[in-house]
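Here is a short note for a colleague who has not seen this model before. Please read it alongside the sequence and the 3D view.

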Amino acid sequence: AMFKTDPVRPDAYREFERPLPEWFRGAALGIFVHWGPYSVPAWAEPTGELGAVPREEWYAHNPYAEWYANTMRIEGSPAQMHHERVHGGAPYDDFLDAWKAEDFDADEVLAVVAATGAGYFIPTTKHHDGVTLWDAPGTDGRNTVARGPRQDLIGAFADATRAAGLRFGVYYSGGLDWHFSGLPPIEHDDDPAPDDLAYAEYAHDHVIDLIDRYRPDILWGDIRWPVAGIEPGPKSLAHAFQTFYERVPDGVVNDRWGESHWDFRTSEYVHGTAVEVGEAWENTRGIGLSFGHNRNETNEHLLSAHEAVRLLVDVVSRGGNLLLNIGLEASGRIPELQRQTLEGIGVWNRHYGHAVVGARPEGRMPASDEPWIRWTRTDDAVHAVVDQTGPVRLPDPDRVLDESTARIGERHVTAERVDGGILVDVEDAVTPVAISFRTRD
Ligand SMILES: C[C@@H]1N[C@H](CNC(=O)c2cc3ccccc3o2)[C@@H](O)[C@H](O)[C@@H]1O
């Protein structure tokens, strides 16, 4: 199947196993950017979240606007009708030339990203349409240096990310490349994907080039890796991983490189129980229903800052990171509705980031979500994040807390033990609220 099955770790890849670097485990939040020729039409049906849409509807009514090149080719799809009506059925590559990135300033994007409190930033370098955002080998000018933006967008992002003090990752679509493969549009989960050696070596050379030029801290592969590239060989995936870890010893790779190797697992929108165990996992989603900018999305489709913060706290309380995506406009601007959510996350992290950055699970999951509460632990403190104000009764934590040390942010608050719990009076706070206690080991 095209989508990831549970990857196994063949012996040939065992040499790459290593402890998860603390910089990734403790990061809590990463920011993704999907940006490409698909950002020009920026059009999809806001059908619903991955996991909530029946699979038989998904492809012809794909809410992922970055899938436009596929959706527009499906006979009778609303995207095809839209493409005919608005773009006169023009070739998809016209969007590459129409993509000007006229307002793009990598430092401005990274200022918004850094203000969220994120620890890492990952732009798409090649999505499924095969267009590369740097002058990648073998692309014969079908890239953003030769056409459209006429700029090495990955280089600009890499420099701005380092200048902002964040770790830098690269997203690379290994499993799909609709231009290279020339296959008919995908309409079912198990439709074919490029698997031959020619494509595997082409993709290998891209990953090597990204490593050599941008020294990314994260290799974020997508879908899977072409089967022919998993086998040993001079341009095998193992060679690419070897090169990566040589150049970036504390680098990490995700789990979408086929049956090979991973440092951390991933889930997408839907929380994957098999994936979200321990502390080496990441949940990714758009701020809305799409990764690429979709002009049809309105407030109702987007996570508010409050909802995004609850998602972040929930994921961190269970040991993972949240990789939240921005769909940049073709101009290079952050869509206003998405910017509001990002700014709200930053406000919250300035108040309570100490409860999520560098935090671990506290070792319990609440029985229910009424009232909503999530526990995290940092070196010498335990944090109870609640989403209410007024008198709050925390269920009695297994860990011995010194309730006399209760704090909300910098402010000391009174907390008293009542039958089987701790009563805290939460006043006028930014909700959700992190109530922090010193631990008394
Ligand atoms: C970040 C998004 N990834 C999509 C491909 N998704 C997957 O390969 C996938 C989906 C998924 C769900 C649960 C666990 C693993 C999973 O892997 C890809 O199709 C989207 O356009 C977007 O780039």
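The points below go from the whole chain to one pair of strands.

1. The model is predicted: local features need pLDDT of at least 70 and side-chain atom pairs count only at pLDDT 80 or more, while totals for chains, interfaces and linings use all residues. Residues are numbered from 1 along each chain as its sequence is written, and side-chain values use heavy atoms, without hydrogens or water.

2. The chain holds 13 helices and 17 strands, taken as DSSP runs (helices H or I, at least four residues; strands E, at least two) and numbered from the N terminus. Its radius of gyration is 22 Å, close to the 22 Å of the globule rule for 441 residues, so the chain is as compact as a globular protein of that length. This radius is taken over C-alpha atoms, and the rule is 2.2 Å times the number of residues to the power 0.38. The C-alpha trace spans about 70 × 50 × 40 Å along its principal axes.

3. Of the 441 residues, 59% count as buried, meaning under 20% relative accessible area with a 1.4 Å probe, protein chains only. Among contacts (heavy atoms within 4.5 Å) between residues at least 6 apart in sequence, 70% join residues at least 24 apart.

4. Eight strands make an open sheet with parallel pairing, in the order β5-β4-β3-β2-β1-β8-β7-β6. Two strands pair if DSSP finds at least two bridges between them. At the edges, β5 (252–253) and β6 (265–268) each pair on one side only.

5. Within this sheet, β2 (residues 120–126) pairs with β3 (residues 167–173) in the parallel sense over four bridges. F121 has F168 in β3 as its bridge partner.

Key:
Buried < 20%, exposed > 50% of the residue type's maximum accessible area, 1.4 Å probe, protein only.
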